[in-house]
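Here is a short tour of one model, written to be read alongside the viewer. Please keep the structure open as you go.

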Amino acid sequence: MSSTTPSYLSPSLSRTSAELQGGLVGGVLQALTGHPFDLVKVRLQTQALNGTNFRGPLDCASSTLKHEGVLAFYKGVSVPIVSCGILSAALYAVNGASKRLVRSMVGKTDDETLNTVEMVASALITSPAYCAFVAPVDLVKNRLQVQSSKVDKVYSGPIDVVVKTVKKDGAKAMFDGYTATVIQRMVGLPFLFVFYDLTKQAARRNNVPESAGTLTAGFMAGVGFWGVSFPMDLIKTQMQNSGAIATTVKGTGGEGSVLAVATRIYKNGGIGGFYRGYLPCVARAGPANAVVFLAVEMALEESGVLLVLIDELAWLRGRSRNEPRPNLG
C-alpha cells in the first residue's frame with residue numbers, strides 16, 4: 001500500500017484519519033473479545049441495586065451460563081459492537097488532536113515525543129469531550145447487561161432503553177453518570193497512555209519485535225487504566241442503573257450525586273465494595289486494549305486504508321487531476 005499523503009490532505013488530517021480507522025477496527029474487536037467479562041463486571045457492580053447475590057465472578061459466570069445459556073454473555077453486545085468502534089475511534093482521534101495541541105503549546109514538532117507531564121495533560125484535555133459520547137452509550141449497555149435471570153426484564157433492546165429512559169426522565173437522563181464518567185476518564189486516561197508509552201519504549205530498548213511490544217504495551221495500558229479508575233466506574237455504573245432496575249431495598253436504590261453514591265457503597269460494603277467486579281474487568285482490560293492499540297498503530301504505520309479510498313474518490317471527482325492516479329497496490 002502506498003503511504004504517500006495526498007497533497008490536499010494536511011498531515012494532521014492524515015493522522016486523524018488513520019487514528020479514526022485504527023480506533024474503529026480496534027474498538028469492534030475489543031467489544032467482541034471483552035464483552036463477556038464486561039457483562040460479569042456490570043452484574044457484580046449492580047447486584048446491590050437489583051437484589052442479586054453472586055458470590056464472585058465465577059459464581060456470576062456459572063449462574064449466567066446455567067440459567068441463560070452462552071449467548072447471555074453477549075447481552076447488550078449490539079450497542080458496544082457498534083459504539084466501541086465509534087468510541088474508540090473518537091478516543092484516539094481526540095487524544096491525537098490533544099497531543100498536537102500540547103505540542104504546539106510547548107513548541108514541539110509532531111515528530112518529537114511528549115514527556116510524561118505532557119502526556120498527562122493531553123489525556124486530561126481528551127476526557128470531557130470524549131465522555132459526552134461515552135456516557136449515553138454506557139447507560140444503554142449497562143441497563144441491558146444487568147437483566148439477568150434473577151431480575152425482571154425491563155428492556156427488550158437498545159432502542160427500548162432509550163425510549164423508556166427518555167419517556168420516564170427526559171433526554172437529560174441519557175447522561176446520568178456523565179460527571180462520574182469524566183472523573184473516571186480524567187483519572188484513568190493518563191495512566192492508559194503513559195503506561196502504553198513507557199512500556200513501548202522499554203520494549204524497543206530491549207529489541208522486542210514491534211507487534212509484540214505493541215500488544216504488551218496495550219495490555220499494560222488497559223491494566224493501568226482500570227487499576228486506578230475502577231472505583232469511579234462502579235459509582236458511574238450504579239448511577240446509571242439506580243433509577244432503572246433498582247429494588248426498593250432500603251439504602252440501595254435511588255439516584256444521587258457522585259458523593260451520595262460513593263457514601264452508599266462504602267456504607268454497604270466498605271472499601272471492598274468499590275471493587276465489586278474488579279477481577280473480570282482486569283481480565284478483560286489487558287487483551288481488549290492490546291487489540292485496540294495494535295489496530296491503531298497498524299493504521300498509523302500504513303497511513304490508513306481510508307486515506308487511499310479518500311484519494312481514489314477525490315481523483316475520480318477531478319480534485320487531484322494534476323496528481324498521478326493513486327496506487328492501490
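Which side chain meets Asp-233 in a salt bridge? The partner is Lys-236, at 3.1 Å from N to O; a salt bridge here is a side-chain nitrogen of Lys or Arg within 4 Å of a carboxyl oxygen of Asp or Glu. Before going further, note that this is a predicted model, in which local features need pLDDT of at least 70 and side-chain atom pairs count only at pLDDT 80 or more, while totals for chains, interfaces and linings use all residues. Residues are numbered from 1 along each chain as its sequence is written, and side-chain values use heavy atoms, with hydrogens and water left out.

**Salt bridges**

Asp-233 and Lys-236 both sit in helix H7, 3 residues apart, or about one turn of the helix. (Helices are DSSP runs of H or I with at least four residues, numbered from the N terminus.) Asp-233 counts as buried because its relative accessibility is 2%, and Lys-236 counts as buried at 1%; buried means under 20% relative accessible area, exposed over 50%, and partly exposed in between, using a 1.4 Å probe and protein chains only.

| Pair | N to O distance | Relative accessibility |
|---|---|---|
| Lys-108 and Glu-118 | 2.8 Å | Lys-108 24%, Glu-118 10% |
| Lys-200 and Glu-210 | 3.2 Å | Lys-200 5%, Glu-210 39% |

The pair of Lys-200 in helix H6 and Glu-210 in helix H7 links distant parts of the chain, 10 residues apart.

**The nonpolar core**

The largest nonpolar core has 36 residues, and Leu-91, Tyr-92, Leu-189, Leu-192, Phe-193, Ile-235 and Phe-293 have the most contacts inside it. Such a core is a set of buried Ala, Val, Leu, Ile, Met, Phe, Trp, Tyr and Cys residues joined through side-chain atoms within 4.5 Å. H7 gives the largest share of this core, 9 residues. Leaving aside neighbours within four places in sequence, Phe-293 has contacts (heavy atoms within 4.5 Å) that include Tyr-92, Leu-192, Phe-193 and Tyr-196.

Ile-183, Val-187, Phe-191, Phe-195, Phe-219, Met-220 and Val-228 make a nonpolar surface patch of about 490 Å². Its members have over 30% relative accessible area and no salt bridge, with nonpolar side chains joined within 5 Å. H6 supplies the largest share, 4 residues.

Terms used
Helices (H or I, at least four residues) and strands (E, at least two) are DSSP runs, numbered from the N terminus. Patches are made of residues with over 30% relative accessible area and no salt bridge: like charges are joined within 9 Å, nonpolar side chains (Val, Leu, Ile, Met, Phe, Trp, Tyr) within 5 Å. Accessible areas come from the Shrake-Rupley method with a 1.4 Å probe; for residues, only the protein chains shown count as cover.
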